[in-house]
Structures are given as structure tokens and as C-alpha cells.
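Thank you for making the time this morning.

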Amino acid sequence: MRSILIIAPNWIGDAVMTQPLLASLKALYPESKIDVLASSWVAPIYRACSEVHEVIEVKFEHKKLQWGMRKQLAQELAAKNYQACFVLPNSFKSALIPWLANIPFRIGYRGELRYGLINLSLDNPSKVNRPPMVDHYLALNQLLSDHSEKMPADKPVPTLNVSALAKRVVEKNLAAANITGSVYVMCPGAEYGPTKRWPTEHFAKLAQSLIANNSDNHVILLGSKSDFALAQEILSQAPNSSKLHNWCGNTSLDEAIALIGLSKAVISNDSGLMHIAAALKTPQVAIFGSSDPSHTPPLSEEAKIIWLNFPCSPCHKRECPLGHLKCLKDILPEQVLATLNSLQ
């Protein structure tokens with residue numbers, strides 16, 4: 001197998017969870033070139049994967065077919081003569097490009113009328129009994145051929161590398177902001193919705209405790225532009241704290257990866273940045289509310305999960321169906337601080 005194309009998922013956390021599949025393919029086909037077709041949103045994840053030969057970055061638009069662009073892209077990919085393509089999203093449109101490019105083996109999960117577009121496939125697991133995401137993606141490599149005797153005995157976990165350029169940029173930005181000493185990163189956002197977001201007042205209290213415990217500590221709030229307002233709420237609830245900084249929307253994802261790699265510890269919701277911290281083996285506390293930590297855990301020995309496991313959990317709803325959000329509100333800053341201290 002000389003060349004393999006990966007059609008990347010569209011979410012950061014999912015993209016991180018695909019890295020063990022890439023590592024497995026590289027182990028099975030060490031001479032192969034693995035390219036990844038990815039949206040601009042997740043492309044930095046694949047630039048941080050050592051197995052990837054080339055990241056083909058495309059400006060895909062949500063809920064749009066973009067037929068002309070996909071057809072043109074398929075023509076360009078056809079010239080590269082890929083022998084196999086792993087289509088990791090479940091959508092119909094994600095399977096169009098490798099079919100149009102006439103890639104011989106098109107591998108993925110069945111779904112959304114993809115019969116024929118995907119010619120080597122597995123049934124999607126039920127939503128009731130879903131395997132961990134890493135296992136979900138890894139299962140696809142069995143379709144190309146049976147290499148079970150070559151597979152490592154230990155279950156692989158996601159591993160990312162920090163870009164040297166991004167690290168230099170972050171170090172420069174830290175110096176410009178007069179941030180020295182230990183840096184704790186807090187990630188208050190979660191794209192899914194409020195049922196994945198620990199309350200801002202809890203983040204604020206935890207940040208104040210970390211800064212009060214050691215005058216050399218700084219706390220950086222990290223996330224996308226959509227998280228900026230959440231971070232401002234945290235700042236407003238932690239007055240007189242010159243060592244609490246809102247960097248949401250002010251870093252590229254490459255730089256966010258570098259900052260997480262440089263930090264002493266990360267406190268996050270169940271989000272893409274949580275999975276990045278795990279893949280970098282940065283000490284972290286991961287806070288779960290409506291989601292299931294057995295399905296999307298941070299895969300790192302440096303990670304601690306806090307989940308109250310109420311009878312109503314995991315509900316997987318974007319808004320609390322009972323209206324109280326106790327699964328997150330009842331996780332107190334003192335508990336998170338104690339868990340964080342146990343990692344040090």
C-alpha cells in the first residue's frame with residue numbers, strides 16, 4: 001500500500017481520536033504515504049501527527065454540498081493515485097470525493113445512503129452501546145486486510161507533537177504579556193452546548209484559588225472566538241486578578257496546542273482541547289456533565305476525570321432536560337482543586 005488518503009472528521013476531539021488509526025496504518029504499511037484531507041478547523045491536528053505526509057486543507061462549509069469544489073478536488077486527488085481512502089465522517093458528501101477520484105478501496109461506516117460510494121464498510125454501532133471513539137476508528141483498519149498478528153498488544157492512545165514554530169510564537173506572546181512562572185490553562189467552552197460547560201463562577205473561584213496558592217501562578221483561559229464571552233464572564237467574577245488572562249479567540253489551533261504543551265496543567269470540559277491535552281500528556285482534570293466518559297475519555301495517565309454519574313446521566317442533551325444542570329453545578333471548585341493537586 002503505497003499511498004493512503006484520510007477524509008478527516010470535522011470536530012477537533014474526533015480528529016485527535018483518529019491518530020491511533022494513522023499510527024496503526026503506518027505500522028502496517030511503513031513505506032506508505034498517508035495524506036489527510038481536512039477542513040481548516042481540524043487541519044492543525046493533523047499537522048501535529050508525525051505519521052502524516054501531507055495535510056490537504058480545504059474550506060468546507062457546514063451543511064453545503066459545494067459540488068463544484070468537490071468535483072475539482074476529486075480531479076486533483078485522482079492524479080495522486082491513492083490506493084485506499086478512509087472516510088471517517090458518516091456523511092454522504094464526505095464519501096463523494098474519493099468516489100469521484102476513483103480511489104479503489106473506499107473504507108468507512110455505513111450510513112446516509114453511501115452504498116457504492118463506500119465499498120468496504122462496517123455497520124455503525126448503536127447509539128445505546130457505543131465503543132470508545134478510538135476503538136471506533138481503529139476498527140476500520142481490519143477492512144483493508146487482516147493484519148491482526150502485526151497489531152501491538154497495548155491499545156494505542158492519541159499522541160500529538162508540538163510545532164516548533166508555534167511554540168516560539170507562544171513563548172514570545174507569554175513574554176509580551178509578562179507571564180512567567182507556572183501557567184495553568186482553563187478551557188471553559190464546549191461547542192456542543194451548556195450541558196458540557198462547567199459554570200463560569202466555578203472556573204472563576206478555581207482560578208482565584210490557584211493564583212492565591214502561589215503568586216507565581218498564571219491562569220490562561222483558552223478557546224475559540226465563540227468562547228470569548230464565557231471567558232469574560234469568568235474574568236468579571238474574579239476581580240482584582242491580574243494573573244488571569246483571556247486568550248480565547250486570540251490563538252490559532254497550532255498555538256493552542258503549543259500552549260497546552262507548555263502548561264503545568266489543564267482544566268477543561270469534555271471538549272476538543274481536553275483531547276489535545278491528553279494527546280500531549282499534559283496533567284489535566286476533565287469535567288464531564290451530560291456526556292459519557294466511557295465513550296470519549298481523555299486517554300492519558302496524566303488525566304483525572306470528574307463525573308458525578310447521576311441517574312439522569314449521560315443524557316447527551318444540549319440543554320438540561322430537568323432544568324437544574326446539577327451534574328455540573330454540584331462539581332465544586334474545591335473538588336477540582338483537590339483533584340488537580342493530586343496530579344502534581
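This is a predicted model: local features need pLDDT of at least 70, side-chain atom pairs count only at pLDDT 80 or more; totals for chains, interfaces and linings use all residues.

Residues are numbered from 1 along each chain as its sequence is written, and side-chain values use heavy atoms, with hydrogens and water left out.

Two packed helices are described by the angle between their axes and the distance between the axes. The axes are lines fitted to C-alpha atoms, for helices over the stretch in contact, and the angles run from 0 to 180 degrees between N-to-C directions.

Let me begin with helix H4, residues 67–78, and helix H5, residues 92–100, whose axes come within 8 Å and cross at roughly 40°. H4 and H5 are therefore oblique to each other, given that angles under 35 degrees count as roughly parallel, over 145 as roughly antiparallel, 65 to 115 as roughly perpendicular and the rest as oblique. On the H4 side, Trp67, Arg70, Lys71, Leu73, Ala74 and Leu77 meet Lys93, Ser94, Leu96, Ile97 and Leu100 of H5, where contact means heavy atoms within 4.5 Å. The residues of this contact divide into seven nonpolar, one polar and three charged; Ala, Val, Leu, Ile, Met, Phe, Trp, Tyr, Cys and Pro count as nonpolar, Asp, Glu, Lys and Arg as charged, and the others, Gly among them, as polar.

The second pair is helix H8, residues 200–213, with H13, packed at an angle of about 45° with their axes 9 Å apart. That angle makes H8 oblique to H13. Here His202, Lys205, Leu206, Ser209, Leu210 and Asn213 in H8 meet Pro333, Glu334, Val336, Leu337 and Leu340 in H13, and by class this contact has six nonpolar, three polar and two charged residues.

Now to the charged pairs. A salt bridge is taken as a side-chain nitrogen of Lys or Arg within 4 Å of a carboxyl oxygen of Asp or Glu, and by this rule the count comes to seven. One of them joins Arg47 to Asp254, with the closest N and O atoms 3.3 Å apart. Arg47 lies in helix H3 (residues 43–47) and Asp254 in helix H10 (residues 253–262), so the pair ties together parts that are 207 residues apart in sequence.

Another pairs Lys80 with Glu54, the closest N and O atoms being 3.5 Å apart. Since Lys80 sits in the loop between H4 and strand S4 (84–87), and Glu54 in strand S3 (residues 52–58), this bridge connects parts 26 residues apart in sequence.

How exposed or buried are these residues? Arg47, at 43% relative accessibility, counts as partly exposed, where buried means under 20% relative accessible area, exposed over 50%, and partly exposed in between, with a 1.4 Å probe and protein chains only. Lys80 is also partly exposed, at 38%.

Finally, H10 is mostly covered, with eight of its 10 residues buried, and Asp254, the partner of Arg47, is among those buried residues.

Technical notes
Helices (H or I, at least four residues) and strands (E, at least two) are DSSP runs, numbered from the N terminus.
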